[in-house]
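Subject: Two-chain model, handover and notes

Hello,

Please find the structure below.

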Amino acid sequence: MQLLRAIFSHSSGRIGGAIVGLYIIIAILGLLGITPHDPLMQFRVDRLHAPDATYWMGTDLFGRDVASRLMLGISQSFIVAFASVALAAVAGIVLGLAAAWFGGWWDGTIMRFMDVLLAFPAILLALLIIAIVGPGTWTSVMAIAIVYTPIFTRVVRGPALSLKTRDFVDAARTFGSSRNYILTRHLMLNLVAPLTVQVTLALAWGLLTEAGLSFLGLGTQPPASSLGLMLADSRNLMEMAPWLLIFPGIAIMIGILGFNLLGDALRDILDPKTRRSVA
Amino acid sequence: MNYLARRLMTFPLVMLGVSILVFVSIRLVPGDAITAMLGTEAGLLTPDQRAALEAYFGIDQGWFTQYWRWLAGAVQGDLGVSVTFGKPVLDVILERFPLTLELALLSMVIALAIGLPAGIFAATRNEKPSDLAVRIFAMIGQSTPNFVFALLAIYVLSVGFGVLPAMGEFTPFLENPLRNLGQMILPALTLGFAFAAAVTRISRSAMLDILSDDYIRTARAKGVPARKVIWRHALPNALIPVVTLSGVEFGYLLGGAVIVEQIFALPGLGRMVLDAILQRDYALVQGSVLFIALNFMIVNLLVDLAYAVLDPRIRLGGK
């Protein structure tokens with residue numbers, strides 16, 4: 001509650017929060033099927049129809065309603081982004097805590113493995129994973145999650161290492177608290193702030209990557225809808241039907257902008273050190 | 001232990017890890033290499049023919065032997081033969097690399113030429129409308145996927161000005177520099193736009209941090225002109241994070257810009273990897289991924305070294 005108030009008194013947090021909120025509502029409506037038209041329905045007579053009162057954002061080559069497909073695409077992109085970031089965060093927390101807590105051999109092995117993953121440019125690693133599993137929605141989820149896991153692991157391990165040596169952890173141990181209790185209560189609670197910031201920025205990156213993979217034809221497969229896929233389809237038609245390019249393009253931009261703004265605001269709020277330095 | 005020494009020591013270790021990961025992941029791709037190569041004709045092979053082919057490509061051995069052979073070859077620059085190109089993998093990669101390198105360099109020049117002045121300008125006008133304008137622009141730049149930028153740019157150029165970006169046959173720089181730059185400018189701008197946004201943000205925040213430092217206050221109190229305070233006293237220190245960011249970003253770009261190359265039909269590394277994956281050219285995927293990861297790591301290592309040179313605190317202390 002306090003955090004929400006802080007976000008709304010922060011100028012970029014207000015805008016970012018509003019955008020993210022709006023997109024989440026659109027995504028839910030898209031999932032529930034509450035769209036202006038059936039996103040898969042082909043209105044053959046109205047192919048490449050310009051935007052008007054019936055088709056708010058026009059129709060595509062097959063006569064499908066762009067606005068409805070856009071809503072479905074946003075929910076698709078959000079599902080992929082949220083699922084992959086959730087997976088990456090959980091994996092990163094477990095690995096980061098294990099590395100920090102057990103130290104020694106555990107730490108060395110886990111962190112070197114993360115170094116190896118970080119040695120690949122992100123999109124290349126994602127392509128490699130897709131080559132192994134084959135393209136599809138859940139492959140993109142996995143690929144994005146694996147790419148982002150090392151970053152979460154590092155975000156968790158650093159602070160966890162310094163927290164581990166703090167007096168309150170020693171005190172908890174003397175009281176006989178179990179290892180899991182200390183890890184979940186004492187360490188995790190103190191990691192919430194850096195993790196929140198990282199999760200928000202990761203979501204922006206997840207949206208971007210999902211759109212990129214779908215654009216290449218390696219993510220969401222037709223006839224399902226995705227923002228990247230819609231843009232890929234618009235390429236050869238943009239002069240004839242610019243609405244096919246402009247609406248999905250702007251929708252991706254604003255969605256990513258929302259998460260970036262929110263992430264910046266959260267960093268300002270949760271980490272006073274960077275307050276004055278964030279653009 | 002000294003930071004640099006430790007950094008140099010882990011380099012071969014991580015590289016070895018990368019090679020193992022690449023090798024193993026390629027072998028996890030479903031289907032065997034022979035079938036991938038011959039398609040349905042693989043079904044016509046007699047067991048003897050299949051065995052002969054497997055022996056020819058060295059895949060009749062166990063994984064460990066295969067890996068050892070591949071690694072030993074890779075160290076000597078032999079990455080195997082590409083099935084789709086019928087040429088040594090390294091030759092295919094080196095044919096594509098100049099374009100990728102040029103694109104990465106051009107994008108970095110564009111990013112620094114726009115981002116650095118914009119960031120410094122915004123920092124000196126902190127919280128004024130001009131600062132806000134720069135920040136909004138940078139935020140939008142950072143939130144625009146490069147394919148959206150590229151498609152919008154093509155649309156605006158073709159519909160608004162009636163010009164189509166030069167595509168089709170690619171001209172190497174040395175053959176015809178002007179024609180080459182005409183082909184490269186739009187892709188470079190596309191990649192440079194988001195890159196410039198990142199440079200703007202980091203140089204602004206670094207500059208702001210430093211402008212509030214005591215030594216700057218001292219210089220100002222001594223009556224050093226504002227211009228000199230910024231260019232002489234503040235800028236050199238503010239450049240440190242900019243160098244890091246640009247280096248890391250440059251390293252990414254050396255891996256090939258898959259999407260942008262695809263949109264502008266440029267024969268760079270990124271598109272080659274994508275095609276190799278789609279066509280299951282295992283030797284080419286394996287070799288190029290190794291090549292790209294090696295480049296990426298070398299650039300990152302150089303960035304770390306540059307960082308240590310620029311900032312003595314890192315050279316002396318640990319990580």
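The crossing of α6(B) past α8(B) is left-handed (a crossing is left-handed if the near helix is turned anticlockwise from the far one by less than a right angle, and right-handed if clockwise). Helix α6 of chain B spans residues 129–143 and helix α8 of chain B spans residues 177–211; their axes come within 8 Å and cross at roughly 135 degrees. Axes here are lines fitted to C-alpha atoms, for helices over the stretch in contact, and angles run from 0 to 180 degrees between N-to-C directions. That angle makes α6(B) oblique to α8(B) (under 35 degrees counts as roughly parallel, over 145 as roughly antiparallel, 65 to 115 as roughly perpendicular and the rest as oblique).

On the α6(B) side the residues are Val134(B), Ala138(B), Gly141(B) and Gln142(B), and they meet Phe193(B), Ala194(B), Ala196(B), Ala197(B), Ala198(B), Thr200(B) and Arg201(B) of α8(B). Two residues are in contact if their C-beta atoms, placed from the backbone, lie within 7 Å. By class this contact has 7 nonpolar, 3 polar and 1 charged residues (Ala, Val, Leu, Ile, Met, Phe, Trp, Tyr, Cys and Pro count as nonpolar, Asp, Glu, Lys and Arg as charged, and the others, Gly among them, as polar).

Some conventions before the rest. This is a predicted model, in which local features need pLDDT of at least 70 and side-chain atom pairs count only at pLDDT 80 or more, while totals for chains, interfaces and linings use all residues. Residues are numbered from 1 along each chain as its sequence is written, and chains are lettered from A and ligands numbered from 1 in the order in which they are written. Helices (H or I, at least four residues) and strands (E, at least two) are DSSP runs, numbered from the N terminus.

In chain A, the axes of α8(A) and α9 (residues 227–234) come within 7 Å and cross at roughly 40 degrees. That makes α8(A) oblique to α9(A), and the crossing is right-handed. Residues making the contact include Glu210(A) and Phe215(A) of α8(A), and Leu227(A) and Ala232(A) of α9(A). The contact of α8(A) with α9(A) divides into 7 nonpolar, 3 polar and 1 charged residues.

Between the chains, 34 residues of chain A are in contact with 42 residues of chain B. On the chain A side, α4 (104–118), α5 (122–133), α8 (179–215) and α10 (243–270) each give two or more residues. The largest share, 8 residues, comes from α10(A). That side of chain A has 25 nonpolar, 4 polar and 5 charged residues.

The domain assignment of chain B gives domain 1 (18–74) and domain 2 (89–315); such bounds come from an automatic or database domain assignment. The centres of these two domains, taken over C-alpha atoms, are separated by 38 Å. In chain B, 9 residues of domain 1 are in contact with 7 residues of domain 2.

For chain A, an unreviewed UniProt entry annotates residues 74–263 as "domain: ABC transmembrane type-1". UniProt positions are in the numbering used here, feature names are shortened, and annotations may be inferred rather than shown by experiment. Over residues 74–263 chain A is 83% helix and 0% strand, with the end C-alpha atoms 19 Å apart. The "transmembrane region" annotation, also from an unreviewed entry, covers stretches including 113–132 and 187–208 of chain A. Residues 113–132 of chain A are 85% helix and 0% strand, with end C-alpha atoms 19 Å apart. Residues 187–208 of chain A are 100% helix and 0% strand, with end C-alpha atoms 31 Å apart.

Regards
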